[in-house]
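Please look over the structure shown here before reading the notes that accompany it. They are meant for a reader who is meeting it for the first time.

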Amino acid sequence: MRIFFFLFFVASIVACNNSAETTTAATAEATVDTTATPSLAYEQEVHLKNVQQLTFGGNNAEAYFSFDNSHLVFQSDNPAWGVECDQIFYMPISGYEGERAPLLSTGKGRTTCAYFMPGDKSILYASTHLGADECPQMQRPTNGLYTWPVFEDFDIFVADLEGKITKQLTTHPGYDAEATLSPDGSMIVFTSTRSGDLELWTMNVDGSNLHQVTKGLGYDGGAFFSPDGKKLVFRASRPQGAEAEKTYKDLLAQGLVQPTNMEIYTCNVDGSDLQQITKLGKANWAPYFHPSGEKILFSSNHHVESGRQFNIFSIDLNGENLQQITFDETFDAFPMFSYDGKKLVFSSNRNNGDGRDTNVFIADWVD
């Protein structure tokens, strides 16, 4: 679901439409510079060095490192790769420069949130393919609210690097997705509606030992473990007041959520010591721990009145020392550090020839 949030906001930001999404990779490559040049970074981006573009065409996001830091798994709807909606691919961190990356999902349904499993020989991801071969249709409420869908057909699977599904980890009716792995490879955190609300859950890598982490009304999702595996960081909506609570419940009953007001939270893996880290307003999301474990990177639109620009920020765990990291004029999000802390991967609308493509970028991190 992290990718749905991203795609809908990109659509609203750049007036994206179906015809624009069918731009070929060849057209995209004609308008971008595929080399590592200073033009890929803004002058203010002092924490990023040697920025390189890894994908060229379509919408590419949620790129996450293998444990050995040599590869990325990500999702893409690049029409030149023959997919109609988000599917899972992987590539070396050197990138494919427009070539079709290997497909790891089934090519059916819609997928989201892939993550390498221990040993880097398999991946974890969520897919709707058991519900139907076709891409599920996006729904819109009749009251005009800005929303995105919670597809009940999402379940979590493990697949090898040939794309063969080796295990289905969730079978409970309803939404199970947004799964990521602990640094030691022993535990998965994911978002589920199995309790009646969108809450965080953990389980062992074989799907056993289910534990509900969060219990507050509202959407909890996009969770990642801290470097020591003891804490979780995630985004959450917390509707305030009877009217807001009713709106949230009514939308969820239709399989929808409204993601325009979210903040960043942390808690211990068991759900204790819940802390709200940001109090910025608007949409604060896509959080990830800094390698030190002492601060968080996240994407936000709080700094622009229109809300139509997302950049990556950092903030200390006590909610202090907010700092802007990226400065693209449209969209930067989905930061993830390599396991050795040396590189940062993220998605951005930069260097797309004033087009609508969102691509994956990688940079050396400078503290």
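The points below take up a pocket, a strand pair and the nonpolar cores in turn. The model is a predicted one, and the description begins with its second largest pocket, which holds about 270 Å³ of space.

**The second largest pocket**

- The lining of the second largest pocket is made up of 18 residues, and those that lie nearest the centre of this pocket are S237, R238, P239, Q258 and N261.
- Helix or strand elements that each supply at least two residues of this lining are α4 (242-253) and β17 (263-268), with α4 giving the largest share, four residues.
- Sorted by class, the lining of the second largest pocket contains eight nonpolar residues, seven polar ones and three charged ones.

**Strands β14 and β15**

- Strand β14 (residues 220-225) is largely enclosed by the rest of the structure, because six of its six residues are buried.
- β14 pairs with strand β15 (residues 231-236) in the antiparallel sense over four bridges, and F225 has L232 in β15 as its bridge partner.
- The two strands, β14 and β15, form a hairpin with five residues between them, and in the turn G229 has a positive phi of about 75 degrees.

**Nonpolar cores**

- The largest nonpolar core has 79 residues, of which V73, I123, L124 and W285 touch the most other members.
- Strand β25 (residues 359-365) contributes the largest share of this core, five residues.
- Another core, of eleven residues, lies apart from the largest one, and its members include L200, V213, L232 and C267.

Key
Residues numbered from 1 in each chain as written. Predicted model: local features only at pLDDT ≥ 70, side-chain atom pairs only at ≥ 80, totals over all residues. Heavy atoms only, no water. 1 Å grid on protein atoms, 1.4 Å probe; cavity = no way out; pocket = protein on both sides within 12 Å on 5 of 7 lines; lining within 4 Å. Points joined across faces, edges and corners; volume = space filled by probe spheres on them. Nonpolar A, V, L, I, M, F, W, Y, C, P; charged D, E, K, R; others polar. Buried < 20%, exposed > 50% of the residue type's maximum accessible area, 1.4 Å probe, protein only. Pairing = 2+ DSSP bridges. Core = buried A, V, L, I, M, F, W, Y, C linked by side-chain atoms within 4.5 Å.
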